[in-house]
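User: I am new to this structure and would like to learn how to read its features. Please take me through a few of them.

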Amino acid sequence: MDTELAVAWIRETAAAVEQQESYLAELDSAIGDGDHGSNLRRGFTAVVTALDALEPDSIAAVLAKTGTTLISKVGGASGPLYGSAFRAMGKALPQATATPAELAAALTEGLLAIQQLGGAAPGDKTIVDAWAPAVAAFEAAAGDGLPAAADAADAAAAQGARDTIPLQARKGRASYLGPRSTGHQDPGATSTALLFHTLALVARAG
């Protein structure tokens, strides 16, 4: 990964979030406030504007600006969680380019930041349920190159999001519903899957 690819990833994510806003809102309406889609769209729109003004010259600058902007612009829990993850990834990638193994390590730092802030573990029906398997899959395939690693993470994140459907939420607003939170796909895990899907798209495009 280099600066250009990092910017492409964020732009692709912003476009995907805008396209999937209604779907994310629908998922969140079932077990949350219903604003996950609109919050993320507002946040990533602001991120693109911030990156345009910044003209970043490093991966770290891209990810740090993304994280800081999400924290300031996105309401609810998703802003701080995603924002902290991107900032942690930026700190882990100070260099101009990153190998797949280095990106895997940065994605791991992002996961740790999410878990430290939210206190969630796999199985709690949160972002972690998509991010954790995605990181594991990316790391396992890192030796095969970025496109292969990103594709593996994409598939793992999507499966992780689907796997939240039968789970009972133990963290976040959905946890207030108790057993009624089962039978619904977690919106945070779904937006995380979207994030890894866009990474795969830009990695394949080169």
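Analyst: Start with contact, which means heavy atoms within 4.5 Å. Leaving aside neighbours within four places in sequence, Asn-39 is in contact with Val-74, Gly-75 and Gly-76. Two points about the source: this is a predicted model, where local features need pLDDT of at least 70 and side-chain atom pairs count only at pLDDT 80 or more, while totals for chains, interfaces and linings use all residues. Residues are numbered from 1 along each chain as its sequence is written, and side-chain values use heavy atoms, with hydrogens and water left out.

User: Where is Asn-39 placed, and does Asn-39 count as buried or exposed?

Analyst: Helices (H or I, at least four residues) and strands (E, at least two) are DSSP runs, numbered from the N terminus. Buried means under 20% relative accessible area, exposed over 50%, and partly exposed in between, with a 1.4 Å probe and protein chains only. Asn-39 is in helix α3. Its relative accessibility is 7%, so Asn-39 counts as buried.

User: How many residues does α3 have, and what does it reach from its first C-alpha to its last?

Analyst: The expected span of a helix is 1.5 Å times one less than its number of residues. Helix α3 (residues 36–54) has 19 residues and reaches 27 Å from its first C-alpha to its last, close to the 27 Å expected at 1.5 Å a residue.

User: Which residues of α3 are buried, and what covers them?

Analyst: An α-helix has 3.6 residues a turn, so residues three or four places apart point the same way. In α3 the buried residues include His-36, Asn-39, Leu-40, Gly-43, Phe-44, Val-47 and Leu-51. Their cover includes α1 (3–19), α2 (21–31), α4, α5 and α9 (187–205).

User: Which other residue has a positive phi although it is not a glycine?

Analyst: Lys-125, with a phi of about 70 degrees. Lys-125 is in the loop between α6 (100–118) and α7 (128–141). At 1% relative accessibility, Lys-125 counts as buried.

User: How do I read two packed helices?

Analyst: Two packed helices are described by the angle between their axes and the distance between the axes. Axes are lines fitted to C-alpha atoms, for helices over the stretch in contact, and angles run from 0 to 180 degrees between N-to-C directions. Angles under 35 degrees count as roughly parallel, over 145 as roughly antiparallel, 65 to 115 as roughly perpendicular and the rest as oblique. For helix α4 (residues 59–73) and helix α5 (residues 78–92), the axes come within 7 Å and cross at roughly 160 degrees. The two helices, α4 and α5, are therefore roughly antiparallel to each other. On the α4 side the contact includes Ala-60, Leu-63, Gly-67 and Ile-71, and on the α5 side it includes Gly-79, Tyr-82, Phe-86 and Arg-87.

User: How do the residues of that contact of α4 with α5 divide?

Analyst: Ala, Val, Leu, Ile, Met, Phe, Trp, Tyr, Cys and Pro count as nonpolar, Asp, Glu, Lys and Arg as charged, and the others, Gly among them, as polar. In the contact of α4 with α5, nine are nonpolar, seven polar and one charged.

User: At what angle do α1 and α4 cross?

Analyst: Their axes come within 8 Å and cross at roughly 25 degrees, so α1 and α4 are roughly parallel to each other. The contact is made by Thr-3, Ala-6, Val-7, Trp-9 and Ile-10 of α1 with Ile-59, Val-62, Leu-63 and Thr-66 of α4. These residues divide into seven nonpolar, two polar and no charged.

User: How far apart are Thr-97 and Thr-3 in sequence and in space?

Analyst: They are 94 residues apart in sequence and 7.2 Å apart in space, C-alpha to C-alpha. Thr-97 lies in the loop between α5 and α6. Not counting residues up to four places away in sequence, Thr-97 touches Met-1, Asp-2, Ile-59 and Glu-102.

User: Which helices do the buried residues of α6 pack against?

Analyst: They pack against α1, α5, α7, α8 (146–162) and α9. Among the buried residues of α6 are Leu-103, Leu-107, Leu-111 and Ile-114. Leu-111 is also in contact with Ala-132, a residue of helix α7.
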